[in-house]
Structures are given as C-alpha cells and as structure tokens.
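Take a look at the two chains shown here.

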Amino acid sequence: MSRVTIHDDADAAVACVSDGSTILIGGFGMAGMPVTLIDALIRQGATDLTVVSNNAGNGDTGLAALLAAGRVRTMVCSFPRQKDSWVFDGLYRDQKIELEVVPQGNLAERMRAAGAGIGAFYCPTAVGTPLAEGKETRTIDGRDYVLELPIRGDVALIGAHRSDRMGNLVYRKTARNFGPVMATAASTTIAEVAEVVDTGTLDPESVVTPSIYVDHVLDLSAAKEAVA
Amino acid sequence: MTATVEHLDRGALDKDAIAAMIARDIPDGSYVNLGIGQPTLVADHLAAGSGVVLHTENGMLGMGPAAVGDQVDPDLTNAGKIPVTELPGAAYFHHADSFAMMRGGHLDVCVLGAFQVSQHGDLANWHTGAADAIPAVGGAMDLAIGAKDVLVMMTLFAKDGTPKLVPSCTYPLTGVACVSRVYTDVALFDVGPSGVVVLETWGTSFDDLAARLDVELRRAGD
C-alpha cells in the first residue's frame, strides 16, 4: 500500500492546509507553477499564510490570485517586482503584505538545508550588502560568509510533469526549478502533474523527486476527465 | 595590452558593439551566465564554434536562442521568463544545483548590468534605495560572488550625466570587490584592488574621462 494519495479532485488534494501555515509554492514565473492547486487553495479558504516562492505572482492567476484574495500575510521571495506583478505591488504599497527578500540561491539552499536536516550554513552570498545586516558572519580560510538558517514549509505545492502511482516525480525542462527542493523541505508535499503513470513505467534512473518526499498527487488528466 | 588605446576617430559604442566586445573577450569553451536585459545581447555575438555554454539560473545549461513561433514552450524559459530553446548537450537541474554551480566556483563568467561600480569592483545593481521602490534581488548577489569572472555591461554615465563608475557605491551593494572588468559605451576598464585602469576609449580620451570621473584612472601599462 503506497503512502501517497492520488487525487483527481484538486479540492481534496489541498484539504489539509491550515490557517497560518507556511506554504512553499514552486515555479519560476509561470513555469512550474501549480496553478490548479493554488486555485483550489483559494477555494479551500486557508488564510494568514506565509508564502515562499521565487516571485510574487504574475498577472492575475496562480499565486497572484491567492495574493489578491487577501490570504497571504508574508511573502518570502527573491524577485517580487516584475512588469506583471501589479497585484503584489498594490498590496505592498498599501502595506497589506509583508515582504522578506532573499537572494535566489539562498532561497533554494535554505530550503535544501531544511529538507536535508542541516541546522544552518555559512554562505558567501550577500556579504557586505543590506541583506546580510543583523546576520552572524564568519571568516573561513580568508573568505567571509553569512550564517543562513533553513526555510521549512508546512506544505509545498509544486508542479511536475509525471508521477507514478507511488509518487515518484519527473519534471519537464526549466519547469523543474524549485520543485525538487521544495518537495524535500515541507511536512506535506502536494504535486500537480500532467499525468499519472503506472508504477514501474518511469525509468528509476530518471526519477528526480523520489516518492519518499511526496504525500499527495493531483492527476490533472484525470481531473480534466472528472470535470468533462 | 601595453597602452591605453584611444579611438578618437569614432563615436561611442552602441549596445550591440559593447556586446560584441564582451563576446570577443569570453574564452572559448567557457560556461557563462548572461544577466537579464542588455547582457543577453552578448549571446548574439558569440562566434559559431566557440563552444561557450550558456547557463540560466532557472535550471539549465546549453540554453539556445529565444524561441519563435512553434518553438515557444511555457516550460522552457530563461531567467527573464522569455521562452528560449535548448541546444544539443543541454542539461536541466533544480534551483539548488543551479546556484551551487555559481557558489561552488564552477561558472567561468557572468555578465551583469549595473547602477554603479566602484573603483575597487564593488557592484550595485539591485536596488536604488528609493523609499517607494520594491526591492528585488533575484540571483544577482549569488552571481556576483559566484562566477570566477564578473563582467559589467553598462553606459558610463546615467541619463542625467552622473558617472556610474564611482569612488564608492551610494546605492545598496550587490557584492563587494567582485567585478573585474567594466564594458561601457565610451571606455573599457579593469577594476580591482589596485584601482581603475583604462584599457580602451571610444569617442573620448583618457584625459577627458579623468576630468569627468571622480576616480583616479591609470593608463594601461603604467
């Protein structure tokens, strides 16, 4: 009996999210963004969320729609300001959302640390810049480093290309981005995939996210059939 | 280079000419990250057969040109979220691996834009510090400290005439002492611990630049 639950209903896939949670949301711009899960999270109603994602929403869909619904208290990201980030921009200027800006590599590595059980790490990124202010620094072999702490999620919402029925995931092109790291860093990982295939049909050598990191899978092809 | 070369018979370089000069200076076979905006023009000027492999921080080596028509695939974009293509030999990887490539010292060159560069190679390119500006750093700080060679591509003067090569940056820093060479429309500079060396000028002379900049300039070979 596999531990993962395969869903054809997005609402069931996100039923476990509670108010006040920290949600890791995959995607770089719209590539890899789990839009169907986010739409379901909006219907589900969880609020007072801290969202960790590279960007702060594009256009009016996906993460931008979650922000527009007023569900997010704090946004942790590397690059909020884009030409189509008007939803976030408005909330920020009206002081309706808090922002923590994290260098993109630190965002990834802090989640990697959480997923790998690393208590903290010294990193050369941001030394001597405003983003290192107030953080412990240390010189190791003549080079300066900043102490960075893990970012752990209660829930990760990610997009992948395929899953087998055990929850092993493969991705597609640059839509992979934060998915594999976020899957390791959250207590509960929920992936939406274009299709679910039979266990044994994914090449084990090409599995990117092993099933141990995955709790729920939304099968978008089945979800489409269920609606039709 | 043994002496500063002054091209007084021609005007300032346009952005394509700057990009071409950067492409000329990138060693064959290098692994290179081109920053968002003007640095992406460098790709158009890399010689066929140079063997340069482009890295995009959203998880790819072997990035090809921008995608057109049927090539557009929403799952394949560059760091500026523009649809791109893949070249033979391309590889995909997740974000932590992508930035480990930088911090681990595997990436040979990155080319970044800048608001300001200091005479010792400090870089400011992420935040103007204005009260109403929304800060957005992206991968700039990781690139600045990670690539073996950090090249800057910028105009030497802001639209209001203010020099962007400065004694010390007044904008918030992206990285400390990280830039090695600055390519501008009117001059090519080396920057670093021993200060600024002018390698080449276009439409202006060493003496003109020395009068307009607040930093001490040295001639190449001195």
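## A helix at the meeting of two chains

The buried residues of α2(B) pack against α5 and α6 of chain A, along with β3 (53-56) and α3 of chain B. This is a predicted model. The buried residues of α2(B) are His95(B), Ala96(B), Ser98(B), Phe99(B), Met101(B) and Met102(B). Just past the end of α2(B), Gly105(B) has a positive phi of about 80°.

Now turn to the other side. α5(A) is mostly covered, with 12 of its 13 residues buried. They are Gln104(A), Gly105(A), Asn106(A), Leu107(A), Ala108(A), Glu109(A), Arg110(A), Met111(A), Arg112(A), Ala113(A), Ala114(A) and Gly115(A). What lies over them? The cover on the buried residues of α5(A) includes β2 (22-25), β6 (121-123), β8 (143-148) and α6 of chain A. From chain B, it includes α2 (95-103) and α3 (140-146).

Just after α5(A) comes Gly117(A), with a positive phi of about 75°.

## The contact between the chains

How many residues does each chain bring to the contact? Chain A gives 35 residues and chain B gives 30 residues. On the side of chain A that touches chain B, the elements giving two or more residues are α4 (86-93), α5 (104-116) and α6 (179-185) of chain A. α5(A) gives the most, with 5 residues. By type, this side of chain A divides into 18 nonpolar, 10 polar and 7 charged residues.

Chain A has 7 helices and 12 strands. The radius of gyration of chain A is 18 Å, close to the 17 Å that the globule rule gives for 228 residues, so chain A is as compact as a globular protein of that length. Chain B has 4 helices and 14 strands. Its radius of gyration is 18 Å, close to the 17 Å from the globule rule for 222 residues, so chain B is as compact as a globular protein of that length.

The table sets out further values for each chain.

| Property | Chain and value |
|---|---|
| Extent along the principal axes, C-alpha atoms | Chain A: roughly 55 × 45 × 30 Å |
| Extent along the principal axes, C-alpha trace | Chain B: about 50 × 40 × 30 Å |
| Buried residues | Chain A: 52% of 228 residues |
| Buried residues | Chain B: 43% of 222 residues |

In chain A, among contacts between residues at least 6 apart in sequence, 78% join residues at least 24 apart. In chain B, among contacts between residues at least 6 apart in sequence, 63% join residues at least 24 apart.

## Strands in chain A

Next come the strands. Strand β9 (residues 153-164) of chain A runs parallel to strand β11 (residues 186-197) of chain A, and 10 bridges join them. Ser163(A) stands opposite Val196(A) in β11(A). β11(A) also pairs with strand β12 (residues 216-219) of chain A, in the parallel sense, over 4 bridges. Which residue of β12(A) is the bridge partner of Glu192(A)? The partner is Leu218(A).

Leaving aside neighbours within four places in sequence, Leu37(A) is in contact with Ala10(A), Ala13(A), Val14(A), Leu157(A), Ile190(A), Glu192(A) and Leu218(A). The largest nonpolar core holds 134 residues. Of these, Leu37(A), Ala156(A), Met182(A) and Val152(B) touch the most other members.

## A sheet in chain B

Chain B has an open sheet of 3 strands, in the order β8-β7-β10, with mixed pairing. Why is one side of β8 (123-124) and of β10 (165-166) of chain B left without a neighbour in the sheet? Both stand at the edges, each with a single partner strand, so one side of each has no neighbour there. Strand β7 (residues 116-118) of chain B and β8(B) pair in the antiparallel sense, over 2 bridges. Val117(B) stands opposite Leu123(B) in β8(B).

Definitions and conventions: Residues numbered from 1 in each chain as written. Chains lettered and ligands numbered in written order. Predicted model: local features only at pLDDT ≥ 70, side-chain atom pairs only at ≥ 80, totals over all residues. Contact = placed C-beta atoms within 7 Å. Nonpolar A, V, L, I, M, F, W, Y, C, P; charged D, E, K, R; others polar. Pairing = 2+ DSSP bridges. Buried ≥ 20, exposed ≤ 12 C-beta atoms within 10 Å, placed from the backbone. Rg over C-alpha atoms; globule rule 2.2 N^0.38 Å. Core = buried A, V, L, I, M, F, W, Y, C linked by C-beta atoms within 7 Å.
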